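Dear colleague,

I am passing on the structure we spoke of, and I would be glad if you looked it over before reading my notes.

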Amino acid sequence: MQSDKLHLRRGMRVGLLGGSFDPAHAGHAHLTRVALQRFGLDKVIWLVSPGNPLKSRGPAPLEARVARARAVMQDPRVVVSDFEARLGTAYTAETIDALKATYPGVRFVWLMGADNLQQFHRWQRWQDILHAVPLGILARPGWRQSGLHSRTARQYRHAHLPGRASRLLADQDTPAWCFVNMPMLPVSSTELRAKGEWRTSS
């Protein structure tokens, strides 16, 4: 990774939002702005993945998805990165290991929607992720209860930080996770593809 593009310094609180962003949309931007405020973050890095191992269909070309993401999320506190493709990491755990090794002393927080919390135990080395960085969970419509009753939430109930203390998350010893509510915009990448509003070919 080119460190001059991220400008990460020891002690910074940095959120990591990974995904295919196929395509990025206003909902991603909204979630990011809420995460910056609720978790007291200095920056958020959008990690545009080469592909999602849990999805059978391949995404649009990486270059197109990165360009779209940068057009959607224009905020000096947010960096859109193709880190995983350039480093060759295929899984979140590997990406987090590489980022922590490259930027010692940075307080990373993994950000995700409550729908991902519901199936987080399917991720490769999911427990290693929980012990590497705190998790910042943002509620999405229809997923609040299933997320809070997920295998991960039940097994790591002792590591749950109340939503009212969300700004302290980045400073917690791991494992730690915090679930916050947020109003969500009624838009998704799946809907945009279905409507034909994202026609970039693979």
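The notes below go from the whole chain to a few of its elements.

This is a predicted model, in which local features need pLDDT of at least 70 and side-chain atom pairs count only at pLDDT 80 or more, while totals for chains, interfaces and linings use all residues. Residues are numbered from 1 along each chain as its sequence is written, and side-chain values use heavy atoms, with hydrogens and water left out.

The protein chain has 10 helices and 7 strands (DSSP runs, H or I of at least four residues for helices and E of at least two for strands, numbered from the N terminus). Of its 202 residues, 50% are buried, that is, under 20% relative accessible area with a 1.4 Å probe, protein chains only.

In strand E3 (residues 78-81), Val78 and Val80 point one way and Val79 and Ser81 the other, and all are buried. Strand E2 (residues 43-48) runs parallel to E3 and is joined to it by 4 bridges (strands pair if DSSP finds at least two bridges between them), with Ile45 standing opposite Val79.

Helix H3 (residues 62-72) has Leu62, Arg65, Val66 and Ala69 buried. Seen down the axis of H3, these residues fall within an arc of 100 degrees (taken from the directions from the helix axis to the C-beta atoms), so they line one face of the helix. The buried residues of H3 pack against E2, E3 and helix H4 (83-87).

Finally, Thr92 is found in helix H5 (residues 92-102) and counts as buried because its relative accessibility is 15%. Leaving aside neighbours within four places in sequence, Thr92 is in contact with Trp110, Trp123 and Ile129 (contact means heavy atoms within 4.5 Å).
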